[in-house]
Amino acid sequence: MMELLEYETLHIINKNPGNTQIYADCIQNLLEGDAVLLIEAAVYASCDKTMALYFPKYIPLYTLKADVDARGISQRMSDEYSSIDDDEFVKLCCLYRKSISWF
Amino acid sequence: MHYNTLLIFRNGPFENNKNRDCLDIALACSAFDIPISLLFIGDAVLQLTRDLESQIIAQKNIANTLRALEMYDIDKIYVSAADLSRFNLDESSLIVSCNILEQADIALLIRRQDKVINL
Amino acid sequence: MIFSLLIYASNNFTQTEQTALRFTRSALRQGHSVHRVFFYGESASSASSLRVTMRDETDVTEQWLTLAAAEQLDMVVCIAAAVRRGVIDKQEAKRHKKDTANLLAGFTLSGLGQLADAIIHSDRLVTFGN
């Protein structure tokens with residue numbers, strides 16, 4: 001039943017990586033064609049060494065720039081993540097067929 | 001417009017108002033003929049058990065609303081098999097008839113939707 | 001593209017409403033339309049005129065109201081969530097026999113049907129919660 005794998009679901013997480021259940025719930029439901037955007041306190045996951053192990057390699061990972069800068073972690077963000085601004089956040093929501101917020 | 005809508009329940013009973021808020025959205029959507037599905041994962045599977053006695057702690061029980069879902073033509077109710085077994089529950093423990101899904105099928109259920117509300 | 005937002009967040013000491021506000025501004029700036037911003041759960045408290053923002057803090061509600069006025073944003077607060085949290089308009093004040101109403105002008109109290117309507121009439125529903 002897997003139809004065209006286009007831009008399917010944008011998963012938005014806003015809780016810090018200590019909220020392991022939220023990350024587990026999100027990660028278990030990721031499929032090829034999905035992407036993950038970390039906003040607010042979730043941007044800390046981008047510099048948490050254990051996190052990269054859990055997100056599947058084929059999932060594009062984004063962080064929201066304002067939250068990265070506010071927390072001063074842009075230098076420590078892992079390479080797997082691209083930092084995007086608010087306009088690109090809106091663009092991602094247009095590109096992906098739907099979004100799910102995990103909080 | 002496409003609006004197959006999934007409501008995801010993730011919270012345990014009496015933990016907060018999220019399950020009730022989510023259920024109220026379901027009823028409103030149903031009044032607008034929006035095709036909806038309900039998914040219970042994690043601690044939220046406990047919300048479906050027969051054994052809740054909310055009056056003991058003076059809390060509201062949403063069991064009656066859950067039982068009434070059928071009358072609103074809300075019959076697509078899905079429950080995580082893994083989370084049921086985690087709490088030693090099975091279909092016979094539940095107050096509504098549900099489709100019990102393995103994790104891979106939960107991901108596919110989510111994929112099929114046009115809108116998802118996940119409180 | 002037509003967006004609607006569901007806000008389900010306390011605006012006390014959380015940045016969630018601020019994120020939603022920036023998202024809305026950006027969507028409008030890029031020429032998208034925002035069909036409705038629906039305030040549910042704790043976020044209903046945001047529509048109270050009795051809240052006081054400390055001098056060194058940002059009043060996010062004020063910013064919503066300014067944006068709403070400029071862009072004709074439809075900002076709806078779930079009526080059930082609102083009355084439970086002591087946010088009432090004149091009609092609800094009468095119904096519940098309260099001697100005052102405190103809903104900020106710029107917000108409307110209405111039922112969850114307005115969220116259902118937003119689901120039907122929007123290409124994208126984005127939830128901002130905590």
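**Exercise 1. The sheet of chain A**

In what order do the five strands of the open sheet in chain A lie, and is their pairing parallel or antiparallel?

*Solution.* Before starting, note that this is a predicted model, in which local features need pLDDT of at least 70 and side-chain atom pairs count only at pLDDT 80 or more, while totals for chains, interfaces and linings use all residues. Residues are numbered from 1 along each chain as its sequence is written, and chains are lettered from A and ligands numbered from 1 in the order in which they are written.

Step 1. Helices (H or I, at least four residues) and strands (E, at least two) are DSSP runs, numbered from the N terminus. Chain A has four helices and five strands, and along the sequence they follow the pattern β-α-β-α-β-α-β-α-β.

Step 2. Two strands pair if DSSP finds at least two bridges between them. On that basis the order in chain A is E4-E3-E2-E1-E5, with parallel pairing.

Step 3. Look for strands that pair on one side only: these edge strands are E4 (81-84) and E5 (98-102) of chain A. From one strand to the next, the twist averages 25°.

Step 4. Now zoom in on E1 (residues 9-13) of chain A, which runs parallel to E5(A) and is joined to it by five bridges. His11(A) has Ile100(A) in E5(A) as its bridge partner.

Step 5. Contact here means that the C-beta atoms of two residues, placed from the backbone, lie within 7 Å.

**Exercise 2. The overall form of chain A**

How does the radius of gyration of chain A compare with what the globule rule gives for 103 residues?

*Solution.* Step 1. The radius of gyration is taken over C-alpha atoms, and the globule rule is 2.2 Å times the number of residues to the power 0.38.

Step 1. For chain A the radius is 13 Å, close to the 13 Å from the rule, so chain A is as compact as a globular protein of that length. Its C-alpha trace spans about 40 × 30 × 25 Å along the principal axes.

Step 2. A residue is buried if 20 or more other C-beta atoms lie within 10 Å of its own, exposed if 12 or fewer, and partly exposed in between, with C-beta atoms placed from the backbone. Of the 103 residues of chain A, 42% count as buried.

**Exercise 3. Where chain C meets chain B**

Which element of chain C gives the most to the side that touches chain B?

*Solution.* Step 1. The contact takes 16 residues from chain C and 16 residues from chain B. Strand E1 (2-8), helix H5 (113-121) and strand E5 (124-129) of chain C each supply at least two residues of the chain C side.

Step 1. H5(C) gives the most, with seven residues.

Step 2. Sort that side by class: it has nine nonpolar, six polar and one charged residues. Ala, Val, Leu, Ile, Met, Phe, Trp, Tyr, Cys and Pro count as nonpolar, Asp, Glu, Lys and Arg as charged, and the others, Gly among them, as polar.

Step 3. Turn to the helix pair: H1(B) and H5(C) pack at an angle of about 65°, with their axes 8 Å apart. Ile25(B), Ala28(B), Cys29(B) and Ala31(B) in H1(B) meet Gly113(C), Leu115(C), Ala116(C) and Ile119(C) in H5(C). By class, this helix contact has seven nonpolar, one polar and no charged residues.

Step 4. The buried residues of H5(C) are Leu115(C), Ala116(C), Asp117(C), Ala118(C) and Ile119(C).

**Exercise 4. Inside chain C**

Is Ala69(C) buried or exposed?

*Solution.* Step 1. Find Ala69(C) in helix H2 (residues 60-71) of chain C.

Step 1. Ala69(C) has 11 C-beta neighbours inside 10 Å, so it counts as exposed.

Step 2. For contrast, go to strand E3 (residues 75-78) of chain C, which is covered on both faces: Met75(C) and Val77(C) on one side, and Val76(C) and Cys78(C) on the other, are all buried. E3(C) pairs with E2(C) in the parallel sense over three bridges, and Phe39(C) stands opposite Val77(C).

Definitions and conventions:
Axes fitted to C-alpha atoms, helices over the stretch in contact; angles between N-to-C directions.
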